[in-house]
Amino acid sequence: MDPVRNPYAPGAGQRPPELAGRDRELRAFEVVLERVARGRPERSLMLTGLRGVGKTVLLNTLRSQAISRLWGTGKIEARPDQSLRRPLSAALHMAIRELAPHHRAPDRIDEFLGVLKAFAIREDPNKPPAKLRDRWQPGIDVPATTGRADSGDIEIDLVELFTDAASVATDVGTGVAIFIDEMQDLSADDISAMCAACHELSQTGAPLIVVGAGLPHLPALLTASKSYSERLFRYQRIDRLDRIAADLALTAPAMREEVEYEAKALDALYEASGGYPYFVQAYGKATWDHAPHSPITAADVRVAAPEAEAELAVGFFGSRYERATPAEREYMRTMATLLPAVDVSEAVPTAEIARSLGRRPASLSPARDALIKKGLIYSGERGTVAFTVPHFARYIRSQPSE
């Protein structure tokens with residue numbers, strides 16, 4: 001098999017050659033776009049799921065849908081300990097620039113950009129002012145407006161900023177969509193402000209929506225911030241592919257290269273990948289490179305599997321495991337031993353972890369909190385934790401004890 005023609009693409013956020021199993025989500029977003037275009041009220045959207053299920057790929061695809069409808073769009077990736085102001089300002093600047101050529105009043109665009117600049121450069125009043133050399137200046141060539149989106153209270157400012165951005169979109173007869181990846185990494189204040197702004201927009205029917213993507217505990221973070229968040233957003237859980245979709249993700253690209261799979265080869269690939277899109281691409285790529293010819297057989301999968309597993313062990317699992325301290329690794333090893341052999345996203349009671357280690361639960365809180373902050377585990381329900389990465393427990397059990 002020619003490796004140059006290998007169609008599979010295991011990569012972070014890299015769109016697979018066949019986006020299988022996501023038709024429901026794509027159709028639902030088309031309905032959202034059409035309803036907003038007709039002036040109907042619609043909720044913002046939150047995509048949640050484990051790592052490796054294709055949230056970023058889906059987020060990018062939804063953005064492409066919005067762009068095809070001539071919406072103004074911008075995308076950011078949230079990061080821990082980073083204020084929302086700078087990246088959100090850049091994203092909204094991009095979105096409004098997309099709408100500007102269609103607006104009949106350039107002064108109206110400049111007016112909004114002045115508000116956007118004021119929002120971007122406003123510093124948090126609860127923090128010491130940044131030194132002059134550290135102050136960030138957005139690339140907006142208009143003076144900052146005074147008295148709008150510049151109070152320093154992120155919740156007040158974001159409501160005003162989104163309201164003004166939606167007003168520009170209304171002038172053009174379209175909408176604005178802001179896409180936020182890794183949304184669980186926003187600070188508590190920024191999450192609260194985002195909820196408040198989306199709540200205001202939903203009440204007025206303004207044509208601006210937020211599409212967020214995050215780990216499974218994102219809904220809990222939103223609800224903890226604002227109690228009405230459980231009704232404010234449309235939540236979509238992105239999970240592993242079913243057998244039909246996983247087979248399609250493998251066979252459709254292969255057919256375009258005039259290559260086929262034997263049924264038993266597809267059985268073996270689904271068993272190895274568990275239907276997780278990233279794993280489907282990783283095992284598919286390794287199998288293609290090892291197969292001598294078409295059709296691809298179960299024997300080809302068995303020969304290629306160790307290479308795929310070795311690559312996952314370094315790039316997907318190992319890079320995450322290495323970020324943990326010895327105490328955090330001990331915590332995760334204990335989690336892994338308490339999970340069944342076939343682990344997907346099962347939760348482990350924190351009390352059980354403490355009991356296994358012979359420690360008081362409170363003494364393990366620093367390790368647990370650090371692992372949550374690093375995005376290696378999450379707490380979907382009070383008193384439990386689970387891995388954010390599928391099959392991570394299996395990988396940890398294969399590692400030698402330290």
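Author: A salt bridge is counted here when a side-chain nitrogen of Lys or Arg lies within 4 Å of a carboxyl oxygen of Asp or Glu. The model is a predicted one, and a search of the whole structure finds 23 salt bridges in it. Side chains of opposite charge can pair when their charged atoms come close.

One of these pairs joins Arg-329 to Glu-322, with 3.3 Å between the closest N and O atoms. Arg-329 counts as buried because its relative accessibility is 13%, under the 20% limit, whereas Glu-322, at 54%, counts as exposed. Salt bridges that share partners also link Glu-30, Glu-34, Arg-38 and Arg-69 into one network.

Arg-329 is among the buried residues of helix H13, which also include Glu-328, Tyr-331, Met-332 and Arg-333. Helix H13 covers residues 326-338, and its end C-alpha atoms lie 19 Å apart, in agreement with the 18 Å that its 13 residues should span at 1.5 Å a residue.

In another pair, the side chains of Glu-25 and Arg-24 meet at 2.8 Å, N to O. Here Glu-25 is buried, with a relative accessibility of 4%, while Arg-24 is partly exposed, with a relative accessible area of 49%.

A further salt bridge holds Arg-231 and Glu-230, whose closest N and O atoms are 3.8 Å apart, and Arg-231 is exposed, at a relative accessible area of 57%.

Conventions
Residues numbered from 1 in each chain as written. Predicted model: local features only at pLDDT ≥ 70, side-chain atom pairs only at ≥ 80, totals over all residues. Heavy atoms only, no water. Helix = DSSP H or I, 4+ residues; strand = E, 2+ residues; numbered from the N terminus. Expected span 1.5 Å × (residues − 1). Buried < 20%, exposed > 50% of the residue type's maximum accessible area, 1.4 Å probe, protein only.
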